Amino acid sequence: MSEVLIEADRIERQYWRDLWSFRELFFFLVWRDLLVRYKQTVVGVSWSLIRPFLTMLVLTVVFGKLGKMPANGLPYPLLVFCGMLPWQFFSTAITESGNSLVSNANMISKVYFPRLVITVSSVMTSFVDFLISAIFLVPLMMWFRFAPPIQVLYFPFLAMLAVGASLGVGLWIAALMVKYRDFRFIVPFIVQFGLYLSPVGFQSSIVPSQYRLLYSLNPIVGIIDGFRWSLLGGRAPLYWQGLAISVVEVTSLIVSGIWYFRKTERTFADVV
Amino acid sequence: MNSEFAISVENLGKRYDVGRMHDPNDGLRHVIESAFRSPLAAFKKKLHAKRTKDFWALRGVSLQIQRGEVVGIIGGNGAGKSTMLKLLSRITVPTEGCIRINGRIASLLEVGTGFHPELTGRENIFLNGAILGMRRTEIIRRFDEIVEFSEIGEFLDTPVKRYSSGMYVRLAFSVAAHLEPEILIVDEVLAVGDAAFQRKCLAKISSFARSGRTVLFVSHNHDAVRNLCDRAVWLKNGHVQEDGPAGLVVDNYFEAISSVAAFSSQNHEYGFTVKSIVLKNSRGKRSLQFSPGEDMIVELHYLAEKPLEQPYITFGVTGKMGSCFTANMLLDGNRPAVLHGAGMLACRFKALPIFPQNYTLKMAVRTKSGEDFVIDYSAVAYFNVIGDLANYGFKGEFLSRVPNSTPVVVPYEWHLPDGTVASFSLNDALNQPRRLTEAVSLP
């Protein structure tokens, strides 16, 4: 039998142990969110495919056909889809995880469990959607008779980087949202502008080279470039410096996000 | 590791910053703006706020609860009961002091937490179990027990949003009850569900206690605390007022709250003071809880510095759906010749024809003319009617809807086509003999 000591103004040593003992709750929450999302819908989980497909069509028309952006000989829909995949994951993940604590306020104020479970599981829920959308790449590549290069082996690493970016930003927003509901308005802005500030509908190589480093300060730039490089190969060359910046930024976002989340977590129940 | 105690609390305190919590300026803009404008002013304001707006929900509380003890926690609203439970169940952290807990703890602060309306009963059992800290294998093992206890039967695969509130609560309670913790914290869950299920819950809780587990029980139902607990802790304004044998503490608590002059009012113009309003039961004991069909005596203790001639006095009982009944001198024409000096006037409401709900007693005192108010018609006391309607012959399947029912029930009879006659009344209670013995055993 374990003894629990709760003291004022001390980080509980048993936190990480608790987190481990509540590991199944992660999966239950993901399962709940997925189950609930498609209840009372007609086409159900197909929405995870329809949404990116339609977005891909629109972006292809706007950027490729009307904007006449360069494609380096790649099929434009494929180019767009590889950029949209991480972007859509990132944007839904930060929206969902940002809201996760507030929308589960009743649980937070009534039951104890490590609150990280809620926010992390909402990122995982978006990740499941991401995986479903990614399946669409297979018929798309077959349609364009395009074989993925050998770098596709790096895809899992890049996917993890996208998870990391979502988690780092999500933790910050979730914890801030508890106290400052202003983020309810800020997040849609990030998502809306981010679509144009990140190379979703175009390639980042169109950015003049003297601004390329500055542009890469947006951590999503490195991730999207990485996705294109690993899925489409040499004709979407990787800007290594950008990816390195992303890795550093994502790491520090996660570390600082966990730190801030843990710092404010103790008062969530009083504030939310 | 000392395993003698289940819970040990030392010098526990919890402070809430009441003012700042509800400050509409506490938005992001305000924080940024004030930090830029004058960092010093913001700091000063913070200091000032600390001085004036802090509220200690709990302070200096020390308790030792041994393994296997069943402890009731009682106290009025705002006494710190909920804060205590939130601290013990680790939902929030103490501002000072420490808590030691030995063993797995489960708290039923509000049953059905984390239930998702769109999910079915089956799905919610798993989800709720996981939230309460159960392993999946554990839930699977107890699944049939949970379903059986909850009596939801065929509705297991129906989304819980289609459940009646009774079914919802039954399912939620049975998930939590099968958690099998070493320490169980129960808060007011028994205020819901029908009488039969409430009894079942109480039985479950006492079987918990008998199997050597620790139970912390917070309730307004003083009978339940008396019957279930060995020990009671009475919290008042965030402190432990009394800690001792349940029967004794509960008696003292009710003695105290019944004698508090909850209402007093003064009218200088007429020199008339209402010193207190006292409610008594048929045994003449002060009480704020009555059974259906019981008599309620309302005493008006007054001080009339100037003679108040032929006043009209009105008492009225109001439930949450509006007025229920009244005793009104304007209508019955029976009024005192004069009120002068200190005195008392009482009205006995016979056989309260009202269901178990919460009620408000209102009172007005009018002048001789009946036109002007000496005391405006306003709430002077609050009381509850509690009781198990099964003892009155009510056995409907939807008895759990009593809290939302029209409160007043006059004796009535059903005459069915087959000639059956069924009569119901809150008056001829089957529990009448029980009350009688209680009355006899009192000093």
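Helix H6 (residues 136-150) and helix H7 (residues 165-177) of chain B pack at an angle of about 140 degrees, their axes 8 Å apart. Helices here are DSSP runs of H or I with at least four residues, strands are runs of E with at least two, and both are numbered from the N terminus. Axes are lines fitted to C-alpha atoms, for helices over the stretch in contact, and angles run from 0 to 180 degrees between N-to-C directions. H6(B) and H7(B) are therefore oblique to each other. The classes are roughly parallel under 35 degrees, roughly antiparallel over 145, roughly perpendicular from 65 to 115, and oblique for the rest.

This is a predicted model, in which local features need pLDDT of at least 70, side-chain atom pairs count only at pLDDT 80 or more, and totals for chains, interfaces and linings use all residues. Residues are numbered from 1 along each chain as its sequence is written, while chains are lettered from A and ligands numbered from 1 in the order in which they are written.

The crossing of H6(B) and H7(B) is right-handed. Right-handed means that the near helix is turned clockwise from the far one by less than a right angle, left-handed that it is turned anticlockwise. H6(B) brings Ile146(B), Phe149(B) and Ser150(B) to the contact. H7(B) brings Arg170(B), Leu171(B), Ser174(B), Val175(B) and Ala177(B). Contact requires C-beta atoms, placed from the backbone, within 7 Å.

Chain A has a helix pair of its own. The axes of helix H8 (residues 155-179) and helix H12 (residues 240-265) of chain A come within 8 Å and cross at roughly 30 degrees. H8(A) and H12(A) are therefore roughly parallel to each other. Their crossing is left-handed. Among the contact residues are Leu161(A), Gly164(A) and Trp172(A) of H8(A), and Val250(A), Gly257(A) and Phe261(A) of H12(A).

Ala, Val, Leu, Ile, Met, Phe, Trp, Tyr, Cys and Pro count as nonpolar, Asp, Glu, Lys and Arg as charged, and the others, Gly among them, as polar.

| H6(B) with H7(B) | 5 residues | 2 residues | 1 residue |

The contact between the chains takes 37 residues from chain B and 27 residues from chain A. Strand S4 (96-102) and helix H5 (121-131) of chain B each supply at least two residues of chain B's side. S4(B) gives the most, with 7 residues.

Chain B has 12 helices and 20 strands. Of its 443 residues, 38% are buried. Buried means 20 or more other C-beta atoms within 10 Å of the residue's own, exposed 12 or fewer, and partly exposed in between.

In chain B, 6 strands form an open sheet with mixed pairing, in the order S5-S6-S7-S3-S8-S9. Its edge strands are S5 (105-108) and S9 (239-245) of chain B. Two strands pair if DSSP finds at least two bridges between them. S5(B) and strand S6 (residues 183-187) of chain B pair in the parallel sense over 4 bridges. Leu108(B) stands opposite Val186(B) in S6(B). Helix H4 (residues 81-88) of chain B lies across S3, S5, S6, S7 and S8 of chain B, at about 150 degrees to S6(B).

Phe325(B) lies in strand S15 (residues 322-328) of chain B. Phe325(B) counts as partly exposed, with 16 C-beta neighbours inside 10 Å. Leaving aside residues up to four places away in sequence, Phe325(B) touches Val317(B) and Val408(B).

Conventions
Contact = placed C-beta atoms within 7 Å.
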